[in-house]
Every structure is written in C-alpha cells, then in structure tokens.
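Please walk me through this structure in the viewer, one selection at a time. I would like to know what to select at each stop and what is found there.

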Amino acid sequence: MHPISITLTKAGKRFGRHWIIQDFTDTFSGGELIGVKGRNGSGKSTLLRILCGQLTPSRGSIGFSVAGDEIAPSGRYKHVSWTGPYLEIVEELTIMEFLRFHFGLKPLLPGLKLTDIPARLELDHVRNRKLTDCSSGMRQRVLLGSAIYAATEVLLLDEPTVTLDEEAAEWFHHQLNEFRQNRLVFVASNDLADLRDCTRVLQL
C-alpha cells in the first residue's frame, strides 16, 4: 500500500445559497482511522464525497497525493473504496456475481481470493442468492466487504452499521481492524459504537 496524504485548506461546499461545510482545514495520512460525526445535514457525507473527488470544493482546495505524486480528481477513484447505505447495487445479480464484477474493477487486497470472500462475509451459504432476495443486513455486509477488501489506500465508510444487528456490527469492526493497516480510513456516523476504534474524531 502506497503512502497517502490528503490536505484540505479552507475548504467549503455550498449548495445554492446554503453552506454545508465552511473553512475546513486539516491533513490526513495513511494509518489513521478518522471518525466524522455531526447532526443530520452537517456535511458528513458531503465531506466524504469531497475527499474521494465526487465533489469539488466551492471554496478552498484539496490536495490528494499517493507516494508523493499529486492525483487529479478524475483519477482519485482508483485509490478510494467507498460505501454507504444510499449506494445503489444491481440487485438482479447474485452475491457472487456482484463480487466478481466489483473486484474485476478494483483488485482485492494481497492475500485475498475472490472465492473466499463470501465466507469472509459469513454469507457462503447464500453466495448464489440474488441480492434482491437478501435482507438489508446481508446487502450491507456485501457492500462493506466490497469496500474493505479492495486494494485502495483510502477507505470511506458512511453509516457502516446502520442496517446491521449487534453480531454483524462486531463482524464489521473485526474486519475493519484486520484490513485497515496503513490505509486512511474515514467512518461517518452518529453511532458512537461505530467510532470506537477511531484514532481521532471530527465534529462537523
């Protein structure tokens, strides 16, 4: 995994006349697990979208470097994996078909094999079930796994346990801690349990 650094300098984002984020300045590096909390509408998801290049700041700037090389917004997706409960998936695919498609676009972390991923998700017994026939918790495991197991320097997780029961939430924390080494990870949530392992927490 290459060294990663993201720097925001007086960054702000405005939708219409309403500023969601204003004068945000900070630097983040690989190995950090950053929590992001704040009331609904405070800009948690907006900040994640700025970090990965989906949105550009209305004011200020963002620097995104990998191994010392500055990465343009159009190329940042190669270095970022992201999931949130609002992301749409092709539910006609089976779990295994979805994983095969996803990891054909973003390679797995070293040491992982595609055929082993359903077992890691604790969904091996339903690997050939269509996503439309899976529970919300099952689909959330698949989305989390598609982000956590991807070979990217940056991992963005928005409300990661929102549809998970207590046992599945513990599964998430175990997987995150096992595979976050040297990566820059952001967890956006108002559930304090989601932020329990964070090295620091941002309040928006």
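Predicted model: local features only at pLDDT ≥ 70, side-chain atom pairs only at ≥ 80, totals over all residues.

Select its 5 strands, which run in the order β6-β7-β8-β3-β9 with parallel pairing. At the edges are β6 (80-83) and β9 (200-203), each of which pairs on one side only. Ignoring direction, neighbouring strands of the sheet are turned against each other by 15° on average.

Next, select residues 33-37 and residues 184-188, which are strands β3 and β8. These two strands pair in the parallel sense over 4 bridges.

How do the axes of α4 and α5 cross? They come within 11 Å and cross at roughly 5°. Angles under 35 degrees count as roughly parallel, so α4 is roughly parallel to α5. To see the contact, show the side chains of R141, L144 and I148 in α4, which meet A168, W171, F172, Q175, L176 and F179 in α5. By class, the residues of this contact are 7 nonpolar, 1 polar and 1 charged.

The largest pocket holds about 490 Å³ of space. To find its centre, select V80, W82, L87, H102 and K106, the closest to that point of the 19 residues in the lining. The lining of the largest pocket divides into 11 nonpolar, 6 polar and 2 charged residues.

The last stop is the second largest pocket, with a volume of about 150 Å³. Select P85, L87, E88, I89, E91, S136, R139, Q140, L143 and T163 to show its lining. By class, this lining has 4 nonpolar, 3 polar and 3 charged residues. Leave L87 highlighted at the end: this residue lines the second largest pocket and is also among the residues closest to the centre of the largest pocket.

Conventions. Residues numbered from 1 in each chain as written. Heavy atoms only, no water. Pairing = 2+ DSSP bridges. Axes fitted to C-alpha atoms, helices over the stretch in contact; angles between N-to-C directions. 1 Å grid on protein atoms, 1.4 Å probe; cavity = no way out; pocket = protein on both sides within 12 Å on 5 of 7 lines; lining within 4 Å. Points joined across faces, edges and corners; volume = space filled by probe spheres on them. Nonpolar A, V, L, I, M, F, W, Y, C, P; charged D, E, K, R; others polar. Parallel < 35°, antiparallel > 145°, perpendicular 65-115°, else oblique. Contact = heavy atoms within 4.5 Å.
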